[in-house]
Amino acid sequence: MQENHARNMKLKEENLELATKLKNLVEQYERREEHIDKMLKHKELEAQLFDAKLQQGNLTLAEEKEKHIREKAILLNETAEAHRKCEVLTKQEAQLKSQLGVYTEKFEEFQTTLTKSNEVFQTFKQEMDKMTKKIKRLEKETNMWKVRWEGSNKTLKQMTEEKVETVKLMTSQKARIDKLEKLCRALQAERNAMADQAKTNEEHGQVSSPSVKEEPDSEINIENSSGTHEETTTEAQEETQDTDKTTSSEIIDKDLDKEKAQSHATQLLSEN
């Protein structure tokens with residue numbers, strides 16, 4: 001019995017050890033499974049990242065291909081244009097070479113004639129010297145005439161400005177004279193009317209022999225008319241005096257402006 005009990009206890013301990021080992025194995029298996037799942041997820045993420053990079057690479061490759069195609073087309077156009085320009089330049093070169101040959105022949109002919117006609121060259125040189133002297137003299141004359149023209153142009157501008165001012169003054173004076181003439185005509189008409197009225201009054205007095213009371217009234221009317229006439233004449237005289245004063249002041253201002261302009265011109269000439 002004791003032996004069986006000891007054996008049972010030993011079996012029980014072995015079972016416990018086996019259970020613990022089995023439990024450890026299960027835990028290790030689960031941890032391994034979790035690790036494998038994590039590795040698989042990591043690999044899937046890496047595969048997705050690789051796919052994204054591959055797609056991006058394909059896009060960049062397609063863009064580079066399109067860019068390369070465009071650059072190739074541009075280069076082909078440029079090469080065609082360069083070939084065309086090269087052909088044009090070769091034609092121009094051939095034409096220039098032909099022209100150069102013609103010019104060389106002409107230059108040789110000119111050189112031979114130049115060596116033969118030394119005296120003609122000397123006379124031509126003398127004529128050239130004369131022409132240069134004449135040109136210098138003409139340049140001096142042109143400069144002198146240019147200075148004179150500028151001076152005359154300035155004086156002409158001043159004269160035109162003065163003319164414009166005088167025309168303005170004349171127009172203003174003419175307008176004032178017209179006003180005065182109208183006023184004088186009005187006064188003359190008023191005077192004639194008053195004279196006619198006086199004559200009619202006198203004739204009426206002689207014919208109808210007015211009373212004593214009416215005579216002072218007529219005298220008062222005549223005095224009033226004469227007073228109005230004197231007032232109008234004094235107003236006309238005052239207006240003429242004012243116009244004379246304005247014209248004299250404008251003439252004085254104009255003389256002062258001329259003197260200022262002359263002094264300014266003399267200062268500029270002295271500075272120059």
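Visitor: How far is the charged end of Arg 148 from the centre of the ring of Trp 145?
Guide: This is a predicted model. In the model, the charged end of Arg 148 sits over the ring of Trp 145. The distance to the ring's centre is 4.9 Å.

Visitor: How many aromatic pairs does a search of the whole structure find?
Guide: A pair of aromatic rings is described by the distance of the centres and the angle of the planes. For two rings to pair, their centres must lie within 6.5 Å. The number of aromatic pairs found in the whole structure is 0.

Visitor: Which residue forms a salt bridge with Arg 84?
Guide: The structure holds 3 salt bridges. In one of them, the closest N and O atoms are 2.1 Å apart. The partner of Arg 84 is Glu 81.

Visitor: In which helix is the place of Glu 34?
Guide: Glu 34 gathers with Glu 27, Glu 30 and Asp 37 in a surface patch of negative charge. The helix that holds Glu 34 covers residues 2–116. This helix is α1.

Visitor: Which elements give two or more residues to the nonpolar patch?
Guide: Phe 107, Phe 110, Leu 114, Phe 121, Phe 124 and Met 128 form this patch on the surface, with about 610 Å² of accessible area together. The elements that give two or more residues are α1 and α2 (118–208).

Note on methods
Residues are numbered from 1 along each chain as its sequence is written. This is a predicted model: local features need pLDDT of at least 70, side-chain atom pairs count only at pLDDT 80 or more; totals for chains, interfaces and linings use all residues. Side-chain values use heavy atoms; hydrogens and water are left out. Patches are made of residues with over 30% relative accessible area and no salt bridge: like charges are joined within 9 Å, nonpolar side chains (Val, Leu, Ile, Met, Phe, Trp, Tyr) within 5 Å. Accessible areas come from the Shrake-Rupley method with a 1.4 Å probe; for residues, only the protein chains shown count as cover. A salt bridge is a side-chain nitrogen of Lys or Arg within 4 Å of a carboxyl oxygen of Asp or Glu. Lys and Arg count as positive and Asp and Glu as negative; His and the chain ends are not counted. The place of a charge is taken as NZ of Lys, CZ of Arg, CG of Asp or CD of Glu. Helices (H or I, at least four residues) and strands (E, at least two) are DSSP runs, numbered from the N terminus. Rings of Phe, Tyr and Trp (its six-membered ring) pair if their centres lie within 6.5 Å; planes under 30 degrees apart count as stacked, over 60 as edge-to-face and the rest as tilted. A charge sits over a ring if NZ of Lys or CZ of Arg is within 6 Å of the ring centre and within 35 degrees of the ring normal.
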